Amino acid sequence: MVENNTEWLPHLSSEIISEAHGNLLDAYAVALEGWRRGLTLRWHVKDSEKFSEMYTWYVDNPGQLFSLSSKDRTHYFFRTRGDKVSNEAVVIGKDKEKTKQALNRAGVPVPEGRQFTEEATNDAIIEYAKKIGYPVVLKPTDGSFGRGVISNITSAGELEYSLTYVRSELNYPDVIIENYIPGKEYRLYVVGEQVVGAMNRIPPNVTGDGVNSIESLIELKNNERELNPRLVSCPINVNEDVVEYIGRKGYSLATVPELNEHVFLSDKSNISLGGDPVDVMDELPKEIKDTAVNAIKGVPGLAHGAVDLIIHIDRPVSEAGFVIELNPTAQLGGLLYPIKGEPRDIPAAIIDYYFPETAALKVNKKQTYFDFQDVLEPLQSRDANSTTVTPSPMQKLYAKKYTVSGDVQDIGYHRGLRKQAFERELHGFVLNLENGDIEVVVAGTDPEMVDDFRNGLWEDEERAQVMEVLVNDYDEPIKVGFEIKADLKTQREEIKQFKQDFEVIELAMKRAEVQRRKFYESMSWRATKPIRLAGALLKKFK
């Protein structure tokens with residue numbers, strides 16, 4: 001098992017991207033890079049402006065569509081893909097057969113194989129596999145995330161079983177059969193004519209300690225993956241595929257592997273399925289990188305994207321790289337947060353490509369970031385079709401941390417501090433401490449305003465009794481705006497209290513209903529029924 005690498009890029013730390021896990025991470029990372037360089041950042045809803053023309057998917061919820069603007073131009077992005085990548089290139093990248101055809105025309109090595117449509121019989125596919133020779137790989141034409149891909153099929157019987165599973169059970173009738181290439185699988189990210197990141201994707205695995213079962217080792221490894229900003233959303237799932245795969249190797253979930261015994265849980269290396277990303281940027285030879293660049297150039301309109309390839313273990317380097325897939329809208333998490341090796345700043349390379357005039361800017365990218373969920377709120381509530389993020393301070397920020405003692409945890413006092421911060425054009429937050437103190441962090445481009453904020457801490461005597469103020473320098477990243485962290489806590493407490501009150505009322509109503517039923521079923525109620533009827537008749541007569 002590869003040890004976790006916690007040396008992330010300092011400007012993309014766990015704290016900064018904490019609100020952007022999963023498929024939001026890539027868009028946030030690229031948008032943040034452009035915003036920090038002084039570009040105007042706007043987030044958009046589905047089909048807003050130029051996005052009505054761009055090929056996108058699964059964007060009903062905001063957070064994946066954004067635009068960046070300089071004085072001269074605007075570019076639109078869907079996740080990591082900008083508008084310099086054409087729709088035609090996306091169509092080719094999503095279709096494995098069209099990808100192979102484009103690469104063949106460009107002279108890029110690909111495994112021998114062909115596509116079979118729904119009309120083709122399993123017997124015809126098996127006959128073709130015999131022609132090109134076993135072992136072979138079976139994959140859906142339009143599958144993704146490794147779904148339906150079965151590799152290293154060594155016989156006609158195994159292929160027949162796999163075809164039934166993929167075409168009938170998984171409902172992927174259009175499939176591709178191609179030669180199986182023995183070797184390690186890699187993903188390279190290319191921008192223009194340069195490889196800017198590369199990783200070896202290792203299939204899900206555990207390493208024995210002589211004590212824990214495979215099932216326990218998976219749980220332990222998933223705990224480690226939770227520490228990784230990318231892998232936190234990609235645990236190793238214990239499912240039928242895993243049980244079947246290790247079963248073919250003579251293991252079960254209850255097996256206790258020996259010390260340092262390496263056990264693979266799948267032959268699929270996708271990060272989303274539990275694979276391990278390992279940085280290999282400095283290890284790959286130039287010939288392999290050239291193959292990746294040529295693959296991107298081989299698709300018209302594909303300005304940047306990911307290239308998945310296998311390096312054949314029995315071929316010389318100059319002819320060892322076989323491209324198996326292109327991804328114009330690739331995820332960057334494994335390259336930004338490898339479990340071993342150096343993280344690669346792919347967002348910076350993408351912004352360099354779209355806005356080359358900003359590449360030479362000397363910006364302290366660590367100093368600021370923005371509240372992702374806060375800027376998306378107008379889009380989520382359908383109050384707007386786009387929202388503009390407050391510009392990032394481009395000059396040096398001066399920051400102080402004030403620790404304030406006394407009776408200072410009143411929410412009204414905190415809101416007054418926020419008002420004073422805005423008046424001084426300062427960013428920061430106020431946070432309640434468990435001992436009754438508060439921590440106030442303020443930052444701005446004017447050091448006099450940062451120092452002057454200390455005077456404002458003493459001014460609200462009606463809602464706070466300040467006893468002491470301690471001052472320290474502060475060098476952590478600053479979120480633009482001013483956040484009252486107690487506000488969220490207060491809202492949660494109010495919601496909790498509302499739920500408790502509602503439960504009390506609901507319980508009282510249930511008890512009242514029980515008493516009502518008991519009363520109606522009582523002897524006294526039944527005995528007085530004639531009197532009540534006579535009284536009702538008398539009222540009617542009158």
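**Aromatic pairs and ring contacts**

Tyr28, Trp35, Trp43, Phe66, Phe77, Tyr353, Tyr354, Phe370 and Phe372 make up one aromatic cluster. The model is predicted, so local features need pLDDT of at least 70 and side-chain atom pairs count only at pLDDT 80 or more, whereas totals for chains, interfaces and linings use all residues. Residues are numbered from 1 along each chain as its sequence is written, and side-chain values use heavy atoms, with hydrogens and water left out.

Across the whole structure, 16 aromatic pairs were found; rings of Phe, Tyr and Trp (its six-membered ring) pair if their centres lie within 6.5 Å, and planes under 30 degrees apart count as stacked, over 60 as edge-to-face and the rest as tilted. One of these is the tilted pair of Tyr28 and Phe372, with 4.8 Å centre to centre and 35° between the planes. This pair links distant parts of the chain, 344 residues apart: Tyr28 belongs to helix 1 (residues 25–36) and Phe372 to helix 11 (residues 372–380). Helices here are DSSP runs (H or I, at least four residues), numbered from the N terminus.

Phe372 also pairs with Phe370, edge-to-face, at 6.5 Å centre to centre and 70° between the planes. Tyr28 is buried, at 1% relative accessible area, where buried means under 20% (1.4 Å probe, protein chains only). Phe372 is buried at 1%, and Phe370 counts as buried at 1%.

Lys84 lies over Tyr353, 4.7 Å from the ring centre. For Lys94, over the face of Trp57, the distance from the ring centre is 4.4 Å.

How values were computed: Helix = DSSP H or I, 4+ residues; strand = E, 2+ residues; numbered from the N terminus. Buried < 20%, exposed > 50% of the residue type's maximum accessible area, 1.4 Å probe, protein only. Lys NZ or Arg CZ within 6 Å of the ring centre and 35° of its normal.
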